[in-house]
Amino acid sequence: MADLNFNDFAATSADWRASLSMNSRRTYLVIGLFFTIYIALGILVDMFMNASHYPSATIPQLFQALVTFQLIPYATFVMVAVAGVSLLVTFALSDKLMLLGTEYREITPGTAQNEKETQLYNVVDEMKIAAGLRFIPKVFIIEADYMNAFASGYSEKSAMVAITRGLMEKLNRSELQAVMAHELSHIRHMDIKLTLMASVLANLMLMVIDIFFYNALFSNNSRSDSKNTLAGIIIMVRYLLPVINVILLLYLSRRREFMADAGSVQLLRDNQPLASALLKIQNDHDANQAQYSAAYQQTPHENVRREAYIFDPVQAGIEPMTSIADLFSTHPDMKSRLAAIGFKYKNEK
């Protein structure tokens with residue numbers, strides 16, 4: 001892929017406020033869909049379990065009995081409890097989970113070893129003030145040559161940002177400000193917490209449906225008509241749910257990137273530093289694809305960070321396609337991101 005630069009783009013008007021508001025609404029809609037699907041799956045499991053005890057009951061009768069609490073939806077309650085515990089554990093360990101497999105170091109005013117590291121901490125502190133955050137996030141440097149960054153945490157107080165040494169060394173100060181403004185926008189919008197919630201719910205849904213899928217396949221044939229119908233629904237859902245989860249997670253991931261890009265422009269009141277940083281990151285990955293491919297693949301647990309990164313490594317062909325999820329990018333393509341903040345590709349009509 002040929003390098004992209006500002007000469008390839010024309011400045012246009014972009015309403016980042018409208019973009020931020022629209023993507024925020026869409027983000028909460030997707031989270032709402034995840035919760036709705038999760039509860040619906042719990043009720044489906046409850047109906048399947050109760051169909052054995054009430055063989056003459058129809059599916060609508062079982063559903064009505066559960067939602068009116070004539071029958072206690074134990075499976076749904078258990079699923080909600082498991083989801084709650086899983087979310088608490090995920091939130092408590094989010095920073096450690098996100099840094100798994102990397103060689104990293106926390107940067108503070110006392111541990112900064114050179115001018116660049118001091119500048120990084122100062123930039124994060126400046127953007128924290130601009131974003132109106134009450135706490136400065138923990139700042140980590142990952143010892144890697146490729147250019148990338150991410151934010152994590154379930155609250156302002158627990159938040160952290162991490163950038164690779166390659167990104168810190170190769171960006172100028174204004175570009176570094178734009179990237180840190182992007183990451184702190186993730187924290188300010190709380191979309192990191194929402195993404196963690198969606199990921200946990202998606203994984204739990206797949207685990208639950210797998211258990212009852214095999215139960216539906218191998219349980220005895222002396223079942224009621226309702227249970228046979230519910231078994232058929234469970235088998236169908238088993239194959240549809242992974243696709244639905246992938247589509248919703250990818251959509252959510254792309255919305256949060258558009259929101260963070262708009263947030264960066266909002267904080268800096270300038271769209272050029274972020275556009276310059278994104279182009280520099282893209283071109284750097286393209287120019288060093290073989291080297292970075294080895295680096296990404298030799299670092300354990302990169303799949304945990306993929307959605308959180310400011311730049312998707314798979315988008316540039318860094319990692320091999322390993323599953324259906326990899327057929328779709330977790331991030332918008334670069335031209336779409338730049339168009340959303342006011343830089344339209346000249347060769348596109």
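Which polar contact joins the side chains of Asp145 and Gln291?

## Basis of the model

This is a predicted model, in which local features need pLDDT of at least 70, side-chain atom pairs count only at pLDDT 80 or more, and totals for chains, interfaces and linings use all residues. Residues are numbered from 1 along each chain as its sequence is written, and side-chain values use heavy atoms, with hydrogens and water left out.

## Asp145 and its contacts

The side chains of Asp145 and Gln291 are joined by a polar contact of 3.4 Å. A polar contact is a pair of N or O atoms within 3.5 Å; within protein, one must be able to donate a hydrogen and the other to accept it, and residues adjacent in sequence count only if both atoms are side-chain atoms.

Asp145 lies in the loop between strand 3 (138-142) and strand 4 (149-152). Strands (E, at least two residues) and helices (H or I, at least four) are DSSP runs, numbered from the N terminus. Apart from neighbours within four places in sequence, Asp145 is in contact (heavy atoms within 4.5 Å) with Gly166, Lys170, Gln291 and Tyr292. Met168 is 23 residues from Asp145 in sequence, and their C-alpha atoms are 9.6 Å apart in space.

## Ser293 in helix 11

Helix 11 (residues 289-298) contains Ser293. With a relative accessible area of 16%, Ser293 is buried; buried means under 20% relative accessible area, exposed over 50%, and partly exposed in between (1.4 Å probe, protein chains only). The side chain of Ser293 also forms a polar contact of 2.9 Å with the side chain of Gln297.
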